[in-house]
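Hi everyone, thanks for making time for this.

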Amino acid sequence: MSDIIAAIDVGTCKICALIAEVVDDEREEPLNLIGVGHAPARGLHKGMVVNVAEASEAIAQAVEEAEVAAGLPMPRAYVGISGEHISTISNRGVVAVSRSSQGITRQDVERALEAARTTAPVPHGREIIHTLARRFTLDEQTGIRDPIGMQGHRLEVEAQIVFGSSSAIANLVKCVRAYDVEVEELVLEPLASGEAVLTPAERELGVVVVDIGGGTTDMAIFLEDSLWHTVVREVGGNLFTRDVAIGLRTPFEVAEELKIRYGHVLPERFPAEEKIHAPAFGDGGSITVSRRTLAYILAARAEETLELILTEIKRSGYDGMLPAGMVLCGGTAQLPGLKTLSQKMLQWPVRIGSPNSLPGLGRDIANPAFATGIGLLLWGWRQRKQTGKKRRSPGHGPLMDRVIEWLRNLLPG
Ligand SMILES: Nc1ncnc2c1ncn2[C@@H]1O[C@H](COP(=O)(O)OP(=O)(O)OP(=O)(O)O)[C@@H](O)[C@H]1O
Ligand SMILES: [Mg+2]
């Protein structure tokens with residue numbers, strides 16, 4: 001029986017459930033994707049649950065699809081969390097270390113992180129999602145990345161603490177549990193996206209990963225291989241579509257299709273005479289617009305979004321420390337021309353980040369929109385590796401029976 005990892009990316013536009021088996025911890029591609037399920041998101045707004053019943057149903061639909069594809073139940077999953085309620089601070093934790101020949105142990109590191117967690121000033125109505133180590137100080141020696149095995153008496157950790165709104169967290173957990181899936185860990189979505197699309201060299205040098213989804217733009221700054229800052233803003237692809245709908249006077253669904261089929265953010269690439277046709281509001285009418293006009297509308301929103309991203313990065317104080325530049329992911333990163341426009345505006349290296357394809361069903365999801373989902377699996381895999389915990393695929397329990405029942409229903413006759 002193999003070790004199984006499952007993940008649910010609860011996005012504003014789509015829910016994506018994934019089941020993978022750990023193939024071999026030493027291989028470059030450690031996961032084999034065995035089940036994928038998608039559902040259009042319902043009951044979510046700007047990355048947060050606004051209708052528990054609708055969101056639960058959409059999550060159940062995606063999970064069920066993944067379970068049927070994998071032929072395995074999903075008793076627990078790593079679940080992504082996002083929204084403007086996310087905030088972060090750094091805090092220190094100090095512990096005394098008992099003299100021993102084996103030096104600092106993982107338990108000592110855990111105790112130091114626990115000290116950082118318990119002394120963090122948690123604002124009212126918030127709770128801690130992550131406590132992530134940035135650097136350690138052992139006695140007088142500062143700037144240590146990994147103190148395990150070193151000798152010393154006083155271990156101090158500088159940790160990054162990520163908070164979220166308690167009610168937003170409770171609502172998300174409730175939706176996932178509604179389908180009998182336990183939340184193995186909540187994972188900040190840009191942290192997960194970073195797992196999927198950044199190279200070790202980028203994380204080491206200094207880079208910002210920006211996941212522009214449908215309802216949120218999630219940013220995470222990585223330096224020296226750890227998270228230094230994160231911020232979520234409520235802007236995303238839905239605003240691009242809304243601008244097109246207003247600008248061209250078409251329904252939202254038509255604007256979405258125009259954006260995806262003909263969208264671009266470099267209007268100068270299109271001659272004024274290149275026209276596109278689309279249904280207008282009302283019955284039967286249609287409109288004709290130049291593709292350049294569509295690109296002007298999208299470019300204006302892209303520039304505004306990039307300005308907001310730049311403002312947030314400057315506000316973090318790390319703007320001068322990102323030689324690896326920016327890696328864009330999320331569905332909106334597929335908008336043609338966005339990389340060129342970003343490079344021109346920010347004067348940084350920019351690339352579009354897609355998760356590496358995984359063996360199994362993974363080829364179809366090598367797309368920037370799946371950065372969070374794949375990243376959640378990789379996050380889970382990394383956690384398991386560090387803690388040595390394994391989750392075996394369960395045998396016949398009530399969940400397995402549920403899956404077998406569905407499989408039976410799918411069979412003809
Ligand atoms: N080819 C494309 N060109 C432009 N935009 C696209 C394309 N494909 C998808 N999008 C846009 O990407 C957005 C959805 O992205 P994504 O799937 O990453 O969002 P999400 O994870 O559901 O939402 P969020 O992370 O914001 O909560 C939509 O606004 C959609 O219009
Ligand atoms: Mg997303």
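Let's start with ligand 1: of the 20 residues around it, Thr12, Cys13, Glu256, Lys259 and Gly331 come nearest, where being near takes a heavy atom within 4 Å. Before I go on, this is a predicted model, so local features need pLDDT of at least 70 and side-chain atom pairs count only at pLDDT 80 or more, while totals for chains, interfaces and linings use all residues. Residues are numbered from 1 along each chain as its sequence is written, chains are lettered from A and ligands numbered from 1 in the order in which they are written, and side-chain values use heavy atoms, with hydrogens and water left out.

Okay, back to the ligand. Cysteine 13 has a backbone N or O atom 2.7 Å from an oxygen atom of ligand 1. Glycine 214 has one at 3.0 Å from a ligand oxygen, and for glycine 215 that distance is 2.8 Å. On its own, ligand 1 exposes 660 Å², and the protein buries 90% of that; these areas come from the Shrake-Rupley method with a 1.4 Å probe, and for residues only the protein chains shown count as cover. Which elements give two or more residues to the shell? They are helix 6 (237–248) and helix 7 (252–262), and helix 7 gives the largest share, three residues. Helices here are DSSP runs of H or I with at least four residues, strands are E runs of at least two, and both are numbered from the N terminus.

Five strands make an open, mixed sheet in the order 14-13-12-17-18; two strands pair if DSSP finds at least two bridges between them. Strand 14 (226–233) and strand 18 (350–352) are at the edges with a single partner strand each, so one side of each has no neighbour in the sheet. From one strand to the next, the twist averages 20°; axes are lines fitted to C-alpha atoms, for helices over the stretch in contact, and angles run from 0 to 180 degrees between N-to-C directions. Strand 13 (217–223) pairs with strand 14 in the antiparallel sense, over seven bridges. Helix 9 (338–346) packs on the sheet, touching strand 12 (207–212), strand 17 and strand 18, and contact means heavy atoms within 4.5 Å.

Last stop, alanine 324: it sits in the loop between helix 8 (291–316) and strand 17 (326–329). Is alanine 324 buried or exposed? Buried, because its relative accessible area is 14% and the cut-off is under 20%, with exposed over 50% and partly exposed in between, using a 1.4 Å probe and protein chains only.

Technical notes. A polar contact is a pair of N or O atoms within 3.5 Å; within protein, one must be able to donate a hydrogen and the other to accept it, and residues adjacent in sequence count only if both atoms are side-chain atoms.
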